[in-house]
Every structure is written in C-alpha cells, then in structure tokens.
Amino acid sequence: MPPDTPTTPANPQPSTPGVYGPPSSGQSFSGGAKPKNKLPLIIAAGVAGVFVILIILAVVIYNRSPSAPEQEQQQTPTVDPEGPQAATPLDVENTDNSITQDLGSINDDNELPADQLSDDNLNL
Amino acid sequence: MVNYRQTMKVLASILLTLALISVGGSVARAQTSPAPPPAGSNFQQRLAQRKQERRIQLDERQQRRLDQRCTRAQQQIRSLQQSTAQLADKRNRVYSHQIDGKLWVIIGMLKIAGKDTFRLEQQLAEFATKAEGFKTVMGYYTQTLDDIAVINCQADVVGFKALLDTARLYHGNLRTRSADIRSYVVDQIKPTLNNFAREL
C-alpha cells in the first residue's frame, strides 16, 4: 500500500500572521486600512496650519506697514528745509538788495574808463 | 532891402544845414560800428577787414608820429589785455551767474507762492539777451586788442591805426551796453520785484 500523500488541507493556514488572524494591537478592525481614516485628519490639520501661518504673517505685515494717513504724509512732502519754499516779502527784498550789491560791484568809470584808449592815455 | 536880408538868411541857413549834414555824415561813417569778424578768421583777414572799414588816411606828419610812438602804445595795450580778460570774467560772473541765478531762484519761489511770474521771466530773458550781447562785444574787443599787440606797427602804421580805432569803437560800445544793462535792472527788474514784495 503506497504511503499517504499529504493532501492540501481544506482551510490552509496563512503563513503571514495578523493578516487573517485576530488583531494583535487591540485596534478595532472594521474591515478597512488604518491610514485611510487618518489621512483626512492630517490634510485638514495641514490646511488649518497653513491658514494659521498666513494669518499670522498678514497680521505681522499689517502692523509693520505704515497706516494710510502716514503713507499719504510720506508721499506728499510738506516741509523740506533744504528745498525751495514759497517766497516771502523778505526773500524778495533780500534778492533785490543782493542784485543791487552785484550792480554796485561793477564800476564802468574804473573798469572801462572813457579815455582808456585815448591818444593822451596811449601817448600817441 | 528887407527881401535881400531874408534871402541871405535863408541861403545861410541852407548852407549851414548842408555843412552840418556833410560833417555829420563823415562822423557817422567814422563811428560806424565795426562788423563782426568772420568766425575762424586769422590776423591778416581781420586786419584787412578793419583797414577797409576805417579807411584811414594819414598825412606824413601823422605817419611819422605814429611810427615813433606806436611801440610804446603797444606795450600799454599788452598790459591792458590782462585787465580786460579779468574784466570779462567778472562781468560774465556778475551778469550771467549772480544776477541771472538769483532771479531764477526768486522766480521759482514766487511760483510756489502762487504768483504770476510771466513778466519777471520776460524781463529776465531780456536781461540775459543784453548780457550775452555784452559778452559777444567783449570778445570782439579782446580780439582786437590781441591784434594790436601783435601787429608790426612801424611796418603797417595804417593797420595799427585802423585796429586802434576799431578797439576804441568796441570800447565805447561796451560802455553803452554796460550802462544799458544797469538801467534795465534798475528801471525794469527791480520795480517788478518791489511789486511782488508788496503783494506777498
């Protein structure tokens, strides 16, 4: 009588434990993968975090930038002691006096005397 | 008798008028403003131009006198060249930088004050034109002095006299222009400034 050929058992036991066997970590096993449940939470947390960061940045930038009235003040210079200013009566008077002094520095009788090239002056 | 006297008076007045016209004409020709020398002209060209303009005629006595004295006169002209160059610089500084610059500044300030500065700007432009005219004639004058300084006056007494007469005319022109500029500033520009001072 030939020896019994080992037959394949009807219900083969898998070699990988935990796949078909009872759960080993104590988690409830509802029939789906664990990462699929956590993924929406992770995404939502990430998006919320990004929003929080953007809000913080916006607040910081807003606080650092000058306010609107200050901006207008910066764009329209009002008083610049170095630049030209509106004329006052004193400015006009000073200009008038200064021009008078300039004319006074010119003396035709000394600088361009009428007889400068005369025969007498040149001994001709 | 009365008619004769009246006729003689009329004839005398006519003759006198004719005499005055002829004298005046010759004086006018002698004092005709020299023409500007051509740009880039050399000494010979300017000398020929002045001789042709002035038409100098010297008798023997005048020629001898100038021949004996022209060299010393040239030395005086050479010392005059340096003072004239300083004068040209000074007038250019006063007219075209000091007065002109101050008027531009006050025009700008008056504009900021909301004043109509059109008239003052017109006057400034006229002043600048006069100042430029003075500068141009000063250039001709200094050029003529340079020509007098280099001419061989004893070899060309007529040329020396023509250049000297030309320099004298330019000199008179400069005095006239300088006085005109002064009058314009005093009589035109300063009253305008005074009006602005009252309005402000």
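**Notebook: loops, salt bridges and a helix pair**

I started at B:Arg55, which sits in the loop between H2 and H3 of chain B. Helices here are DSSP runs of H or I with at least four residues, strands are runs of E with at least two, and both are numbered from the N terminus. This is a predicted model, in which local features need pLDDT of at least 70 and side-chain atom pairs count only at pLDDT 80 or more, while totals for chains, interfaces and linings use all residues. Residues are numbered from 1 along each chain as its sequence is written, chains are lettered from A and ligands numbered from 1 in the order in which they are written, and side-chain values use heavy atoms, with hydrogens and water left out.

**Positive phi**

I looked up phi for B:Arg55 and got a value near 50 degrees, positive in a residue that isn't glycine. Most residues other than glycine have a negative phi. B:Arg55 is exposed, at 52% relative accessible area. My cut-offs are under 20% for buried, over 50% for exposed and partly exposed in between, with a 1.4 Å probe and protein chains only.

A:Asn123 also has a positive phi, near 55 degrees. I found A:Asn123 in the segment after helix H5 (119-122) of chain A. It counts as partly exposed, because its relative accessibility is 34%.

**Salt bridges**

I searched the whole structure and got 18 salt bridges over all chains. A salt bridge means a side-chain nitrogen of Lys or Arg within 4 Å of a carboxyl oxygen of Asp or Glu.

Which residue does B:Arg91 pair with? Its partner is A:Glu111, at 2.7 Å from N to O. That pair crosses between chains, from helix H3 (residues 60-112) of chain B to helix H4 (residues 108-111) of chain A. Both B:Arg91 and A:Glu111 are buried. I also noted a network of salt bridges that links A:Asp108, A:Glu111, B:Lys90 and B:Arg91.

Next I checked two pairs inside chain B. B:Glu53 bridges to B:Arg50, with the closest N and O atoms 3.0 Å apart. Both lie in helix H2 (residues 43-54), 3 residues apart, which is about one turn. B:Arg50 is buried at 2% relative accessibility.

B:Arg168 meets B:Asp165 at 3.3 Å, N to O. They are about one helical turn apart, because 3 residues separate them in helix H5 of chain B. B:Arg168 is partly exposed at 22%, whereas B:Asp165 is buried at 16%.

**H3(A) against H5(B)**

I took helix H3 (residues 89-104) of chain A with helix H5 (residues 157-199) of chain B: their axes come within 9 Å and cross at roughly 170 degrees. That makes the two roughly antiparallel. The labels are roughly parallel under 35 degrees, roughly antiparallel over 145, roughly perpendicular from 65 to 115, and oblique for the rest. Among the contact residues are A:Val92, A:Ile99 and A:Leu103 on H3(A), and B:Val185, B:Leu193 and B:Phe196 on H5(B). Contact means heavy atoms within 4.5 Å.

**B:Ile99**

Buried or exposed, I asked of B:Ile99? B:Ile99 is buried, at 0% relative accessibility. It lies in helix H3 of chain B. Leaving out residues up to four places away in sequence, B:Ile99 touches A:Ile99, A:Asp102, A:Leu103, B:Val94 and B:Phe127. B:Phe127 is 28 residues away in sequence, and the C-alpha atoms are 9.4 Å apart.

Methods: Axes are lines fitted to C-alpha atoms, for helices over the stretch in contact, and angles run from 0 to 180 degrees between N-to-C directions.
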